[in-house]
Amino acid sequence: QARLVESGGGLVQAGGSLRLSCAASGMVFRINVMGWYRQAPGKQRELVAIVPTGESPNYAESVKGRFTVSQDNNKNTMYLQMNSLKPEDTAVYYCNFNLHEYRAGPPMDLWGQGTQVTVSS
């Protein structure tokens, strides 16, 4: 069964950078949509960026110009490059893939395990 594994979180000072990775393993026939979400303490999970396959990424206003999503389709991997980080970016970051494991199978919505990003002031 397909699963997502995240890596790359950590502690960084304001103004610094981090790069998150999200890799899909197992059976993956086609990825339909990739996305990054985050959840800060006491807040609801919010969209950071979403990338429908074959389309350009859409970013939340709060991260536009600072965060960049990229993909390595050969490795079924998505990255989130985060620059000019701010304390308000502190959250647990989750990746999400909507994918088909098999040609004739239904689409599945998978989530990564989450990775903590902490930005100190």
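**Buried polar residues and salt bridges in the predicted model**

Asn96 touches Leu4, Val33, Met34, Gly35, Tyr37, Asp109, Leu110 and Trp111, residues up to four places away in sequence being left out of the count; contact here means heavy atoms within 4.5 Å. The structure is a predicted model, in which local features need pLDDT of at least 70 and side-chain atom pairs count only at pLDDT 80 or more, while totals for chains, interfaces and linings use all residues. Residues are numbered from 1 along each chain as its sequence is written, and side-chain values use heavy atoms, with hydrogens and water left out.

Asn96 is located in strand E9; helices (H or I, at least four residues) and strands (E, at least two) are DSSP runs, numbered from the N terminus. With a relative accessibility of 6%, Asn96 counts as buried. A polar atom of the Asn96 side chain lies 3.0 Å from the backbone oxygen of Leu110.

Side chains of opposite charge can pair when their charged atoms come close. Arg38 is bridged to Glu46, with the closest N and O atoms 2.6 Å apart. Arg38 is buried at 6% relative accessibility, whereas Glu46 is partly exposed at 37%. A salt bridge also joins the side chains of Arg38 and Asp89, at 3.0 Å from N to O. This pair links distant parts of the chain, 51 residues apart: Arg38 belongs to strand E4 (residues 30–39), and Asp89 to the loop between strand E8 (77–82) and strand E9 (91–100). Asp89 and Arg38 are both buried.

Glu61 and Lys64 form a further salt bridge, their closest N and O atoms being 2.8 Å apart. Glu61 is exposed, at 62% relative accessible area, and Lys64 is partly exposed, at 45%. Through salt bridges that share partners, Arg38, Glu46, Arg66 and Asp89 are joined into one network.

Val12 is placed in strand E2 (residues 10–13) and is buried, with a relative accessible area of 13%. Its contacts, not counting residues up to four places away in sequence, are Ser17, Leu18, Leu85, Thr118, Val119 and Ser120. The C-alpha atoms of Val12 and Thr118 are 6.3 Å apart, although 106 residues separate the two in sequence.

Notes. A salt bridge is a side-chain nitrogen of Lys or Arg within 4 Å of a carboxyl oxygen of Asp or Glu. Buried means under 20% relative accessible area, exposed over 50%, partly exposed in between (1.4 Å probe, protein chains only). A polar contact is a pair of N or O atoms within 3.5 Å; within protein, one must be able to donate a hydrogen and the other to accept it, and residues adjacent in sequence count only if both atoms are side-chain atoms.
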